[in-house]
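Me: Can you walk me through this one and tell me what stands behind each label? I'd like the cut-offs along with the conclusions.

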Amino acid sequence: MNRLLLATIVFLAALQPIIVLGAGDAAARLTAQGKQFEERIFKIADNAYTAVGYSVSNVSMIVGDDGVVIIDTGMTLDDAGRIAEKFRKITDLPVKAIIFTHSHGDHTGGAAAFLGESRPQIWAHENFGSEARGWVSGDLTVQKIRGARQAGFLLPSDQRINNGVAPVRYPNRGGAVFSSDDRTSPTHFLRGDQQSLNIAGIELELVSSPGETNDQLFVWYPAGKALFAGDNFYRSFPNLYAIRGTPNRSVRLWADSLQKLADHHAQALVGGHTNPVLGAQKVNEVLSDYHNAVRFIHDKTVEGMNQGMTPDQLVEYVQLPDDLAAKDHLQPFYGHPEWGIRSVFNGYLGWFDGNATHLFPLSPKAEAQRVADLAGGPDQLTAKAHEAVASGDSQWAAQLADHLLAIEPNDREAKQIKAQALTQLAQDMVNATARNYYLTVAAELRGDSK
C-alpha cells in the first residue's frame, strides 16, 4: 500500500472517537478482580467486622463492652453512612474511637458519619498528613491533575472498569484526590513504634508501619488474632510508587513493616482494600509472599544499581521470581513492579541515572528535530508514527508522536496519533491506574475529556 495512502487512512480513523468497551484479556482480568470489592460485611473474628465494597476502602468495626471502635471510615459521607447503617444492625453501641491507618482521604473522608453525640477519640500516627504537607507548603497543585487521571475521575463510566483495588467512584472534591476535614481531625497520636490501648474494654495495639505512606500504622486485635494492615496490604502488587506523584515511599521500610505484620501470626488479615484474608495458614502465606516480593524488588534493584545499571536497564534486570509473579494477590492491578524499581533507584540516588550523556541532555524539541532529520523530515516522521499505530506498535507510536509534539505542540495530527496509541495501550493494560491514565490523556488530546 502507498505510504501516503496508509497514513491518510490511519489518520482518518484516528479522528473518530474511540471508546474502549472492555474487550480483551486485560479487561477481563481487571473485571474479574472486581469480585474483591463486591459489597459485603465480613465477620473476621469474634466481635470484629469489615465492610468491603461499600466505599473505595475497607471500614472495620470492633465491638466492646459499652462501645465500638471504627478502623478507617471510607471516602465519602454517603458511603460511610451506608456502612454505619449496616453496622447498627449488628450493634447500636456508640462509637468510642476511630482509628485512621493513614491519612489518605479514601480512608478518612467518611469519618463524620460515625460521630455521635459525644466526639470519640480519633487516633492516627504522629506523622499524620505528612505526604501532603510538602505539596501544600510548596504550593504544588499538579498532583491533583495527575491524581484525577490515575483514578479515572475524568473518564465516562463506560471507560472505567475499576481502580484495581477499589470500585468506581466519582468524588466531588474540586480535584483534590485526598483531602481532610478539621471536624474529624485526630485527637490522639501514636508516638514511637507501638502503643497499647484499652477502649470500651477492647485491647488493641497500634504499630508504626511506614510503607505506602510514612504515617501508616496497623492495628492488632489480640483477642480476635486479627490484623488491620491499612494500605500496606491489599490483593494486588503493592503501589510502591503512585503515578499521580508521591514523595519517596521507602520500599525497604515497607518490607520491614510486612515482616512486623507476619510476626503477629494472625488468623485474619484486613487490608486497606479488597477482601480480608481468613485463616492462619492463608494469612501466613499471603504476608510471606508480599514481604518476599517487596524485599526482592528492593534488594535486586540495589544489586543492579551497584553494578552501575540505569533505571531503564534495571526494569529489564529485576524480574519477580515466577512463583511470586504467578500469585493472585501479587498481580499488578494497582501497583506495578517496574514503578517500584524506578522508585528504589530515585529514592537512593535521585534523578541522575549515572550515564554522563544525560547530565545535560538536548531539550525535547532539539532532540525531536534531530530525530525528524534522521527520518527524512517531519512528514516522514509522521508517516512512521502512523505505521506504528497501524501495526500495533503502540508504545513506539506514542514516543514518535511525542517527538512531533515537541517540534510543534499544537500538531493536531500528532495529538490524534498519540491518542490512538494510548488507547491501544490501555486495551492491553491490566493495571487500572495506568489504564485510567492512558485513557484520560487520550481524551485530553482529542479534546473530549469529561
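Reply: Helices (H or I, at least four residues) and strands (E, at least two) are DSSP runs, numbered from the N terminus. This is a predicted model, where local features need pLDDT of at least 70, side-chain atom pairs count only at pLDDT 80 or more, and totals for chains, interfaces and linings use all residues. Residues are numbered from 1 along each chain as its sequence is written, and side-chain values use heavy atoms, with hydrogens and water left out.

Me: What makes both faces of strand S4 count as covered?

Reply: S4 takes in residues 68-71, with Val68 and Ile70 on one side and Val69 and Ile71 on the other, and all of them are buried.

Me: How do you know that S3 and S4 pair, and in which sense?

Reply: Two strands pair if DSSP finds at least two bridges between them. Strand S3 (residues 59-63) and S4 have 4 bridges, in the antiparallel sense, so by that definition they pair. Met61 has Ile70 as its bridge partner in S4, and Val63 has Val68.

Me: What lies on the S5 side of S4, and in which sense do S4 and S5 pair?

Reply: Strand S5 (residues 95-99) pairs with S4 in the parallel sense, over 4 bridges. Ile70 has Ile98 as its bridge partner in S5. The chain gets from S4 to S5 through helix H3 (residues 77-90), and this β-α-β crossover is right-handed. Right-handed here says that, with the strands pointing away from the viewer, the path from the first strand over the helix to the second runs clockwise.

Me: Why are S1 and S7 called edge strands?

Reply: The open sheet has 7 strands in the order S1-S2-S3-S4-S5-S6-S7, with mixed pairing. Strand S1 (40-45) and strand S7 (188-190) each have a single partner strand, so one side of each has no neighbour in the sheet. The twist from one strand to the next averages 20 degrees.

Me: What makes Ser209 buried, and what does Ser209 touch?

Reply: Its relative accessibility is 0%, so Ser209 counts as buried. Ser209 is in the loop between strand S9 (202-208) and strand S10 (217-221). Leaving out residues up to four places away in sequence, Ser209 touches Gln216, Leu217, Phe218, Asn232 and Ser257, where contact means heavy atoms within 4.5 Å.

Me: Which class does each of Ala200 and Lys225 fall in, buried or partly exposed?

Reply: Ala200 has 13% relative accessibility, so Ala200 counts as buried. Lys225, at 38%, counts as partly exposed. Ala200 is in the loop between strand S8 (194-199) and S9, with a positive phi near 55 degrees. Lys225 is in the loop between S10 and strand S11 (226-230), and its phi is positive too, about 50 degrees, although Lys225 is not a glycine.

Me: How do you know how compact the protein is for its length?

Reply: The protein has 16 helices and 13 strands. Its radius of gyration is 24 Å, close to the 22 Å from the globule rule for 450 residues, so the protein is as compact as a globular protein of that length. That radius is taken over C-alpha atoms, and the rule is 2.2 Å times the number of residues to the power 0.38. Buried residues make up 54% of the 450 residues.

Conventions
Buried < 20%, exposed > 50% of the residue type's maximum accessible area, 1.4 Å probe, protein only. Axes fitted to C-alpha atoms, helices over the stretch in contact; angles between N-to-C directions.
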